[in-house]
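Let's take a friendly walk through this structure together. Have the viewer ready, and follow along from one element to the next.

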Amino acid sequence: MISAVCLGFFGAVFGLVGMKCTKVGGSDHTKAKIACLAGLIFILSGLCSMTSCSLYANKITSEFFDPTFVAQK
């Protein structure tokens with residue numbers, strides 16, 4: 001989840017730099033590449049988040065159905 005949050009932050013920064021209305025980033029061609037990079041970073045962030053949530057849910061369900069698990073269910 002920490003990597004997803006960090007990637008989301010950097011994706012937002014690159015997304016702001018890649019907007020046409022900003023003065024930072026150079027020409028429109030360069031800004032288009034930066035905006036595409038921001039989109040890819042957001043996709044990676046979503047995959048990291050989905051992976052971590054799925055792994056945590058798997059852990060919870062496997063502990064719940066484990067008959068030898070002694071903690072409170």
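Leu-37 sits in helix α2 (residues 28-65); helices here are DSSP runs of H or I with at least four residues, numbered from the N terminus. This is a predicted model, in which local features need pLDDT of at least 70, side-chain atom pairs count only at pLDDT 80 or more, and totals for chains, interfaces and linings use all residues. Residues are numbered from 1 along each chain as its sequence is written, and side-chain values use heavy atoms, with hydrogens and water left out.

With a relative accessibility of 38%, Leu-37 is partly exposed, a class that lies between buried (under 20% relative accessible area) and exposed (over 50%), using a 1.4 Å probe and protein chains only. Helix α1 (residues 2-17) supplies the largest share of the patch, 4 residues.

Now turn to the cysteines. How many disulfides does a search of the whole structure find? The count is 0, where a disulfide means a pair of cysteine sulfur atoms within 2.5 Å. Cys-21 is exposed at 65% relative accessibility, and its sulfur is too far for a bond because the closest cysteine sulfur, in Cys-36, is 18 Å away. Cys-48 is partly exposed at 26%; its sulfur lies 10 Å from the closest cysteine sulfur, in Cys-6, so that pair is also too far for a bond.

Key
Helix = DSSP H or I, 4+ residues; strand = E, 2+ residues; numbered from the N terminus.
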